[in-house]
Amino acid sequence: MGARLLFRAIIMGPPGSGKGTVSERIVKTFGLKHLSSGELLRTNLRNETEFGLLAKSFINEGKLVPDAAITRIILHELKEMHQSNWLLDGFPRTLRQAEELHKVYQPDTVINLNVPFETIKKRLTSRWIHPGSGRVYNVEFNPPKITGIDDVTGELLIQRNDDKPETVTSRLQAYEELTQPVLEYYRNKGILEVFSGTETNKIWPKLRAFLGKKLPPLS
Ligand SMILES: Nc1nc2c(ncn2[C@@H]2O[C@H](COP(=O)(O)OP(=O)(O)O)[C@@H](O)[C@H]2O)c(=O)[nH]1
Ligand SMILES: Nc1ncnc2c1ncn2[C@@H]1O[C@H](COP(=O)(O)OP(=O)(O)O)[C@@H](O)[C@H]1O
């Protein structure tokens with residue numbers, strides 16, 4: 001078997017910076033596999049797994065889930081994807097997580113969505129999700145066809161428990177204290193690419209052009 005050249009990317013950015021929205025576009029355009037730590041956690045919460053029960057209070061208080069637990073489950077999922085190009089979303093969020101990941105996989109690029117906190121706070125209070133699929137809507141940006149109803153299944157949309165203003169403040173604090181140092185970590189490795197702005201539709205063409213130089217688009 002010949003050596004494989006696989007592309008591994010990480011997408012970072014504060015809560016509500018558009019990681020999920022942009023990841024969906026990257027997946028559609030370039031066909032990477034997407035792993036979102038937040039999605040994985042919410043699935044575990046819904047299914048009341050041991051991991052979900054452990055994580056619940058941290059998530060609801062806007063705190064990060066302990067490093068050992070999240071790292072174990074993410075590395076396990078990545079093992080299942082070892083033959084694919086992938087995009088990791090929401091992990092790593094601490095230096096410890098980044099170091100553990102680096103022992104196993106060295107990302108080709110780390111995309112940072114640099115969106116101001118003021119922009120984000122507004123977005124999160126108008127975010128609605130379909131809990132079954134993780135589909136994300138926004139009252140202003142991408143509203144569902146019928147208010148409160150998922151376009152695909154017709155089921156009810158909900159607001160995330162941790163999108164309450166008080167919890168958003170703790171999440172932004174956790175981001176500043178624990179996650180910003182991870183950006184420095186990757187900047188020092190020379191693989192950090194920063195995309196700044198307040199609108200996903202303006203950031204996306206730049207990001208697509210950047211990735212297009214590294215990856216062929218799906219035909
Ligand atoms: N107003 C506005 N909302 C956006 C924009 N981009 C994404 N959103 C919405 O903002 C919320 C947060 O985006 P999401 O992709 O879930 O961010 P994540 O938390 O970083 O994964 C969602 O409700 C999105 O639909 C934008 O450019 N403008
Ligand atoms: N890598 C991680 N380390 C620790 N906790 C995490 C991690 N990823 C997600 N979480 C937990 O899940 C919550 C939701 O994460 P996520 O869906 O990525 O939301 P957002 O980017 O909008 O904050 C976080 O506030 C945190 O409690």
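1. Where does P92 lie? P92 is in the loop between β3 (86–89) and α5 (95–104). Helices (H or I, at least four residues) and strands (E, at least two) are DSSP runs, numbered from the N terminus. The peptide bond from F91 to P92 is cis, with omega near 0°.

2. A word on the basis of this note. This is a predicted model, in which local features need pLDDT of at least 70 and side-chain atom pairs count only at pLDDT 80 or more, while totals for chains, interfaces and linings use all residues. Residues are numbered from 1 along each chain as its sequence is written, chains are lettered from A and ligands numbered from 1 in the order in which they are written, and side-chain values use heavy atoms, with hydrogens and water left out.

3. Ligand 1 has 16 residues around it, and the closest are K19, G20, T21, R127 and T200. A residue counts as near a molecule if one of its heavy atoms lies within 4 Å of it. The residues of this shell divide into four nonpolar, eight polar and four charged. In this scheme Ala, Val, Leu, Ile, Met, Phe, Trp, Tyr, Cys and Pro are nonpolar, Asp, Glu, Lys and Arg are charged, and the others, Gly among them, are polar.

4. An oxygen atom of ligand 1 is 2.9 Å from a polar backbone atom of K19. Another entry pairs an oxygen atom of ligand 1 with an N or O atom in the side chain of R127, at 2.8 Å. A nitrogen atom of ligand 1 is 2.6 Å from an N or O atom in the side chain of T200. The protein covers 91% of the 580 Å² of accessible area that ligand 1 has on its own; such areas come from the Shrake-Rupley method with a 1.4 Å probe. The elements that give two or more residues to the shell around ligand 1 are α1 (19–30) and β6 (136–138).

5. The UniProt record, an unreviewed entry, places the feature "binding site" at G16, S17, G18, K19, G20, T21, R127, V136, Y137 and T200. Positions from UniProt are given in the numbering used here, feature names are shortened, and annotations may be inferred rather than shown by experiment. Of these residues, the lining of the largest cavity includes K19. S17 is in the loop between β1 and α1.

6. Over residues 127–162 the chain is 0% helix and 17% strand, and the end C-alpha atoms are 11 Å apart.

7. Around ligand 2 there are 20 residues, and the closest are K19, S37, R42, K63 and R171. A nitrogen atom of ligand 2 is 2.9 Å from a polar backbone atom of G90. A nitrogen atom of ligand 2 is also 2.9 Å from an N or O atom in the side chain of Q97, and an oxygen atom of ligand 2 is 2.8 Å from an N or O atom in the side chain of R171. The protein covers 96% of the 540 Å² of accessible area that ligand 2 has on its own. The largest share of this shell, four residues, comes from α2. By class, the shell around ligand 2 has seven nonpolar, five polar and eight charged residues.

8. On a 1 Å grid over the protein atoms alone, a cavity is a set of points where a 1.4 Å probe fits but cannot get out, and a pocket is an open set with protein on both sides within 12 Å along at least five of seven lines; lining residues have an atom within 4 Å of a point. Grid points are joined across faces, edges and corners, and a volume is the space filled by probe spheres set on the points.9. The count comes to one cavity of 30 Å³ or more, and the largest cavity has a volume of about 60 Å³. Its lining consists of I11, M12, G13, K19, G90, F91, P92, R93, Y175 and T179. The elements that give two or more residues to this lining are β1 (8–12) and α7 (165–188). The lining has five nonpolar, three polar and two charged residues.

9. The second largest pocket holds about 370 Å³ of space. Of the 18 residues that line this pocket, the closest to its centre are R42, L45, R46, I158 and N161. Two or more lining residues come from each of α2 (37–46) and α3 (50–60), and the largest share, five residues, comes from α3. E48, in the loop between α2 and α3, has a positive phi of about 50° although it is not a glycine.

How values were computed: A polar contact is a pair of N or O atoms within 3.5 Å; within protein, one must be able to donate a hydrogen and the other to accept it, and residues adjacent in sequence count only if both atoms are side-chain atoms.
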